[in-house]
Amino acid sequence: MTQAESPAKPERLSGAEIVVRLLERQGIRILAGIPGSANLPLYDALLHSKIIHHVLTRHEQGAGFIAQGMARASGQPAVCFATSGPGTTNLLTAIADAKLDSIPVVAITGQVSRNMIGTDAFQEVDTYGLTIPITKHNYLVNSAEELLKVIPNAFRLAASGRPGPVLIDIPKDVQLEQVDVVQWPEPGKADSNPPADGLLLAAAAKMIAESARPILYLGGGVVHSGAAEQARLLAEKANLPTVTTLLALGTLAVDHPLLLGMLGMHGAPCANLSMDESDLLIVVGARFDDRATGKLAEFCPQAKVIHIDIDPAELDKLRASHVAIGGDVGTVLEQLLPLIQSQERPVWQARIQALKTNSPLRLPGLDDPRSPYGLVRAVADCLDENAIIATDVGQHQMWAAQAYPHRRPRRWLTSGGLGTMGFGLPTALGAALAEPENTVACFSGDGSLLMNIQELVTAAQENVNVKVVLMNNSTLGLVHQQQTMFYGERTFAAEFTHVPDFVALAQACGVRAVNLDTAADPRAALAEALTSRGPCLIHCSINVREKVYPIVPPGAPNREMLGT
Amino acid sequence: MQNICSNRTVLELTVNNHPGVMSHVVGLFSRRAYNVEGILCLPVGDGDTSRIWLLVNEDKRLLQMIKQAEKLEDVQKVRRLAADDNLFARLESLIMA
């Protein structure tokens with residue numbers, strides 16, 4: 001049903017039925033949400049859908065992150081439902097997270113009926129006003145007829161250009177309003193991308209040819225554009241040492257000889273030091289986030305900048321560029337590649353090799369599966385390259401970013417921009433629903449996991465193949481680390497005085513649990529847990545003194561890493 | 001005496017005319033603690049579009065603000081007007097008269 005079609009006679013449908021039919025036509029097969037008074041007509045219509053599987057979550061934030069997990073793994077817009085008032089406010093964190101990491105999510109919320117709006121009605125909140133700053137665009141729908149335009153347009157906007165979340169707020173009486181549908185609209189899809197300016201491409205190619213010490217700097221836009229292959233070709237043709245942001249891990253395979261690793265606050269020392277000496281940054285789909293750049297005024301002080309990004313508002317926002325190319329990075333790189341000359345740059349290559357040898361990322365304890373890096377690597381040893389890795393936010397996230405052998409794009413789902421604790425479990429659930437054939441491992445910490453622990457019940461209900469790898473130090477680890485290092489060891493409100501029995505908690509939610517602390521053979525226990533199907537929590541205690549190194553002190557330039 | 005338009009500039013936005021547009025536009029400024037000194041808004045033609053004029057301080061963030069405004073789905077066009085001839089100066093003289 002991809003063609004617009006005219007039924008023999010108009011169909012009399014409610015707004016809610018129109019929404020469900022349009023979602024079906026968009027190709028939506030799974031959606032997560034929670035019903036409530038103001039979206040009950042939508043649920044009444046969804047009940048009759050034979051092709052959409054509804055995932056009932058235990059908190060709306062879980063539904064929002066399930067949509068994110070599906071969207072991050074597939075690149076396609078995904079949908080979540082919530083009711084008005086608290087249902088919607090519970091969604092906000094997941095929507096804001098999608099905005100900062102440019103994830104296409106379409107959130108559909110119920111609203112009180114139009115004649116009640118503005119009266120402080122039961123469960124009324126100004127959803128439109130609340131979501132303006134955290135969505136790419138939002139709608140308050142005023143009639144059932146309007147849905148025929150709004151829904152396809154929301155999907156088009158979510159997926160076009162720089163992707164992002166779109167919210168559609170639908171008053172209850174609009175959901176109930178009956179209208180005749182004469183013709184169904186085309187499903188909304190991403191706009192095509194115009195080609196880049198040839199003069200700018202030529203200027204960029206010339207700068208790359210003339211550069212003595214170039215660095216290729218890949219960001220999340222490379223993932224969104226599906227441009228990892230073009231980025232690799234550029235790196236190889238121009239012989240460019242390459243760094244990635246946190247979100248771009250996997251865009252160049254971990255064992256690629258040109259890869260220096262991740263840049264930034266917890267990046268590879270050789271990556272940060274190479275950038276410090278570089279005379280040209282080729283920035284592709286990245287936005288100079290402060291966790292990546294450190295002190296911006298001293299970031300890559302000698303480097304000219306070629307900045308390629310689909311969002312014109314990112315060009316020259318934080319760092320002035322010498323050549324700024326607005327456009328889809330895949331399209332731009334495709335056009336740029338024929339203009340690139342092969343280059344050896346033996347002096348720079350020798351310097352890069354020396355930095356790689358003398359300032360590598362150190363991963364102590366790799367042999368011990370009950371140490372941070374060793375656990376990450378032991379998990380990787382049990383998984384194939386189709387496996388998806390989700391994380392929460394904190395020390396475990398950085399350990400996984402550093403030590404996991406990232407090989408492919410869209411296999412690493414992490415909250416980069418908003419840094420949302422609680423992201424991991426529901427996002428992993430969404431990814432597992434989208435790709436039931438693959439294993440999804442979620443690295444989490446005891447602080448993060450408790451922020452959306454209720455979705456363990458949803459994991460059991462859906463019997464998803466999600467493995468939560470819990471690194472438990474009974475502490476807000478990264479807070480504890482920063483207090484220890486930068487606040488005179490005045491640790492406060494970072495150590496939990498009460499910690500649940502996570503193994504028993506998982507079991508109480510209907511999820512199997514394995515405790516590596518007590519396993520006679522932790523590697524064997526891990527392998528068994530990761531390779532048998534179904535949800536499982538893998539618990540491992542971590543020493544509170546373990547830190548994430550290196551670390552660039554807040555406000556310092558990236559060359560000033562501690563713990564290298 | 002200083003005119004209200006001294007060291008200020010006017011942005012002229014052509015926008016879709018519906019109840020949420022003004023919030024979208026002024027939200028860009030308020031979230032950056034960038035004050036809008038004056039606002040005018042009038043429907044254009046058959047009323048499907050409106051024009052919004054914003055009187056704002058000259059600021060190094062202005063070019064970024066224009067780019068952010070251009071990104072809004074309901075904003076069709078953004079123009080920066082010459083500072084010496086604008087509606088706000090005329091409005092001021094009208095009010096002060």
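Are Tyr43(A) and Phe81(A) buried or exposed?

Modeller: The model is a predicted one. Tyr43(A) and Phe81(A) are both buried. Their rings form an edge-to-face aromatic pair, with 5.7 Å from centre to centre and 75° between the planes. Tyr43(A) belongs to helix α2 (residues 40-46) of chain A and Phe81(A) to strand β4 (residues 78-82) of that chain, so the pair ties together parts that are 38 residues apart in sequence. In chain B, the ring centres of Phe29(B) and Tyr34(B) are 5.5 Å apart and the planes stand at 80°, so this pair is also edge-to-face; both Phe29(B) and Tyr34(B) are buried. Over all chains, the search finds six aromatic pairs, and ring pairs join Tyr217(A), Phe288(A) and Phe299(A) into a cluster.

As to the interface, 14 residues of chain A are in contact with 12 residues of chain B. The two chains bury about 1000 Å² between them, 52% of it on carbon and sulfur atoms. Of the area that chain A buries against chain B, 44% comes from Ile132(A), His137(A) and Ala313(A), more than from any other three residues. Two salt bridges are counted between the chains; in one of them, the side chains of Arg156(A) and Glu73(B) meet at 3.5 Å, N to O. On the side of chain A that touches chain B, β6 (137-140) and α6 (144-159) each supply at least two residues. The residues of that side comprise seven nonpolar, two polar and five charged.

Methods: Residues are numbered from 1 along each chain as its sequence is written. Chains are lettered from A and ligands numbered from 1 in the order in which they are written. This is a predicted model: local features need pLDDT of at least 70, side-chain atom pairs count only at pLDDT 80 or more; totals for chains, interfaces and linings use all residues. Side-chain values use heavy atoms; hydrogens and water are left out. Contact means heavy atoms within 4.5 Å. Buried area is the accessible area (1.4 Å probe) that two parts lose on being put together, summed over both. A salt bridge is a side-chain nitrogen of Lys or Arg within 4 Å of a carboxyl oxygen of Asp or Glu. Helices (H or I, at least four residues) and strands (E, at least two) are DSSP runs, numbered from the N terminus. Ala, Val, Leu, Ile, Met, Phe, Trp, Tyr, Cys and Pro count as nonpolar, Asp, Glu, Lys and Arg as charged, and the others, Gly among them, as polar. Rings of Phe, Tyr and Trp (its six-membered ring) pair if their centres lie within 6.5 Å; planes under 30 degrees apart count as stacked, over 60 as edge-to-face and the rest as tilted. Buried means under 20% relative accessible area, exposed over 50%, partly exposed in between (1.4 Å probe, protein chains only).
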